[in-house]
Each structure stands twice: as C-alpha cells, then as structure tokens.
Amino acid sequence: MEIVRKLNMPASFFYDKVMDSVLFDVRKATGKSVTRKQLKNFEYIKQFSKNNRARIKIEEVIENQSYKFRTSTTKNDFVVHYQIKPLDDKTCEVRYTEQMESYGLLQKLNDMILGTLLMYFKKRRFNKMLEMIEGTY
C-alpha cells in the first residue's frame with residue numbers, strides 16, 4: 001500500500017508528531033525513555049494482546065525526512081516507511097508505504113484476501129490521521 005499526500009504544515013512539524021508517537025510507543029512497551037538519536041536500530045517487543053506480540057525494529061531515522069520500522073511476528077514481516085519531503089516552508093509531501101511478507105501458503109492466502117478487504121479502511125484511517133495532525137498545526 002502506498003499513500004502520497006501534500007500536507008499544509010512544515011516537514012519538521014509532521015516529523016515531530018511521528019517521533020512523539022514513536023517515543024511514546026517505545027516508552028509504553030519497554031518502560032525506557034530513549035532519545036531520537038537512540039532510535040536507529042532500536043529493537044523491542046510489543047505486546048498487542050495476551051497471545052499476540054511482535055518484535056519492532058526501527059531501521060531508519062533521518063531528521064525531518066524519513067522514518068522506517070519493521071514489525072516481525074511468527075506469521076509475517078511488516079515494513080512501514082514514512083518519507084517526508086518539504087515543498088516549501090509551510091507544506092510538505094508525505095509518502096507512506098506498507099509492505100508485508102507472510103510466512104506459509106495458508107498465511108499468504110489469508111493475508112492476501114483479508115488485506116484486499118481491509119485496504120480501503122486502512123487508507124481511510126491513515127488519511128483521517130493525517131487530517132487530525134494537520135488540524136493541530
């Protein structure tokens with residue numbers, strides 16, 4: 001999945017919002033307070049429910065430009081990448097991509113069918129999140 005959207009906010013403002021969310025998630029999952037400079041290659045386990053957890057690895061952190069992380073479970077590998085490009089002092093373009101690799105034939109079929117059905121809702125939810133961030137600027 002890929003979403004490209006122009007936002008009425010500086011790239012630095014959007015990036016700060018993403019980083020605030022990341023640092024909050026790390027603190028909630030690990031109990032550790034880390035800085036932005038410590039995020040690259042940082043790994044932690046996130047518990048989603050009693051029997052559902054994943055390893056999160058932050059692969060790329062480039063100030064005001066890029067943030068990329070990988071979520072790995074026993075069933076699949078999920079990579080999310082935010083690429084932020086300033087257009088001028090007050091606007092930026094955000095390119096959001098998601099890629100998933102599933103393990104095993106049944107899991108691949110299940111994810112392909114479910115992914116197709118959920119794609120519309122995921123895109124809609126992501127666009128609403130962008131609008132909310134834009135509204136805080």
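These legends describe close-up views of a predicted model. Residues are numbered from 1 along each chain as its sequence is written, and side-chain values use heavy atoms, leaving out hydrogens and water. Local features need pLDDT of at least 70 and side-chain atom pairs count only at pLDDT 80 or more, while totals for chains, interfaces and linings use all residues.

**View 1. Asp-111 in helix 2.** Helix 2 covers residues 105-135. Helices (H or I, at least four residues) and strands (E, at least two) are DSSP runs, numbered from the N terminus. Asp-111 is buried, at 11% relative accessible area. Buried means under 20% relative accessible area, exposed over 50%, and partly exposed in between (1.4 Å probe, protein chains only).

**View 2. The contacts of Asp-111.** Neighbours within four places in sequence are left aside. Asp-111 is then in contact with Asn-76, Met-100, Ser-102 and Thr-116. Contact means heavy atoms within 4.5 Å. Met-100 lies 11 residues from Asp-111 along the chain, and their C-alpha atoms are 8.8 Å apart.

**View 3. Strand 4 against strand 5.** Strand 4 (residues 66-72) runs antiparallel to strand 5, with 7 bridges joining them. Two strands pair if DSSP finds at least two bridges between them. Ser-66 stands opposite Gln-83 of strand 5. A hairpin links the two strands through 3 residues.

**View 4. Strand 5 against strand 6.** Strand 5 (residues 76-86) is mostly covered, with 8 of its 11 residues buried. Strand 6 (residues 92-102) pairs with strand 5 in the antiparallel sense over 11 bridges. Lys-85 has Glu-93, in strand 6, as its bridge partner. Between strand 5 and strand 6, 5 residues complete a hairpin.
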